[in-house]
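Subject: A structure to look at, and what was found in it

Hello,

I am handing over a structure for you to read alongside my notes below.

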Amino acid sequence: MESPVMGGAIAIVYLIVIVVEVAAFWKIYTKAGEPGWACIIPIYNLIVLLRIVGKPTWWIVLLIIPIVNIVVLIMLMHSLSKSFGKGVGFTIGLVVLGVVCYPILGFGSDAYVGPGGEE
């Protein structure tokens, strides 16, 4: 049986991870010239992310379709990597270890190159 202290510790760690991820996305949006607060507004955050990576807004429809949304999310992560001058290896990092790679992208020294890596 799990002790209440252990459950509380897990909740605190989870809350810290959420705060770090939101702060990382805030910095990513700010680096791309978008308002940082946009990352915390549901649906609108996707519209802004699509603008950052240079994809059309109607791609939101693709994010609603099961299985297709997984492929589209990976494509968005790759476009986000390219938008900050990163390659396929970093995209794999975003897919597998996003909790580490998004803060690297947000708090690191990499500058926003342009939508999809176009200068």
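Before the findings, two terms are needed: contact, or packing, means heavy atoms within 4.5 Å, and buried means under 20% relative accessible area, with exposed being over 50% and partly exposed in between (1.4 Å probe, protein chains only). Helices (H or I, at least four residues) and strands (E, at least two) are DSSP runs, numbered from the N terminus.

Please bear in mind that this is a predicted model, in which local features need pLDDT of at least 70 and side-chain atom pairs count only at pLDDT 80 or more, while totals for chains, interfaces and linings use all residues. Residues are numbered from 1 along each chain as its sequence is written, and side-chain values use heavy atoms, with hydrogens and water left out.

**The chain as a whole**

The protein chain has six helices and zero strands, so that, in the order of the definition, the elements read α-α-α-α-α-α from the N terminus on. Its C-alpha atoms fill a box of roughly 55 × 35 × 30 Å, taken along the principal axes. Of the 119 residues, 32% count as buried. The accessible surface, computed by the Shrake-Rupley method with a 1.4 Å probe (for residues, only the protein chains shown count as cover), comes to about 7,100 Å², and 75% of that surface belongs to carbon and sulfur atoms. Among contacts between residues at least 6 apart in sequence, 48% join residues at least 24 apart.

**Helices α2 and α4**

In α2, the buried residues are Asn45, Val48, Leu49, Leu50, Ile52 and Val53, and these buried residues pack against α1, α3 and α4. After α2 comes Gly54, whose phi is positive, near 80°.

Helix α4 (residues 68-83) has 16 residues, which at 1.5 Å a residue should span 22 Å, and its end C-alpha atoms are 22 Å apart, which agrees; the expected span is 1.5 Å times one less than the number of residues. The buried residues of α4 are Val72, Leu76, Met77, Ser79, Leu80, Ser81 and Ser83. They pack against α1 (4-31), α2 (44-53), α3 (59-62), α5 and α6. One of the buried residues, Ser79, has 5% relative accessibility and therefore counts as buried; not counting residues up to four places away in sequence, Ser79 touches Val53, Lys55 and Gly116. After α4 comes Gly85, whose phi is positive, near 75°.

**How α5 meets α6**

Two packed helices are described by the angle between their axes and the distance between the axes. The axes of α5 (residues 88-96) and α6 (residues 98-107) come within 6 Å and cross at roughly 125°, which means that α5 is oblique to α6. Here the axes are lines fitted to C-alpha atoms, for helices over the stretch in contact, and angles run from 0 to 180 degrees between N-to-C directions; angles under 35 degrees count as roughly parallel, over 145 as roughly antiparallel, 65 to 115 as roughly perpendicular and the rest as oblique. The contact is made by Phe90, Gly93, Leu94 and Val96 of α5, together with Gly98, Cys101, Tyr102, Ile104 and Leu105 of α6. These residues divide into seven nonpolar, two polar and no charged, where Ala, Val, Leu, Ile, Met, Phe, Trp, Tyr, Cys and Pro count as nonpolar, Asp, Glu, Lys and Arg as charged, and the others, Gly among them, as polar.

**Two isoleucines in loops**

Most residues other than glycine have a negative phi. Ile43, however, has a positive phi, near 70°, and lies in the loop between α1 and α2; at 52% relative accessibility, Ile43 counts as exposed. Ile67 also has a positive phi, near 70°, and lies in the loop between α3 and α4, where Ile67 is exposed, with a relative accessible area of 65%.

Val20 is found in helix α1 and, at 34% relative accessibility, counts as partly exposed. Leaving out residues up to four places away in sequence, Val20 touches Pro103 and Phe107. Val22 also lies in helix α1 and is partly exposed, with a relative accessible area of 34%; leaving aside neighbours within four places in sequence, Val22 is in contact with Cys39 and Ile40.
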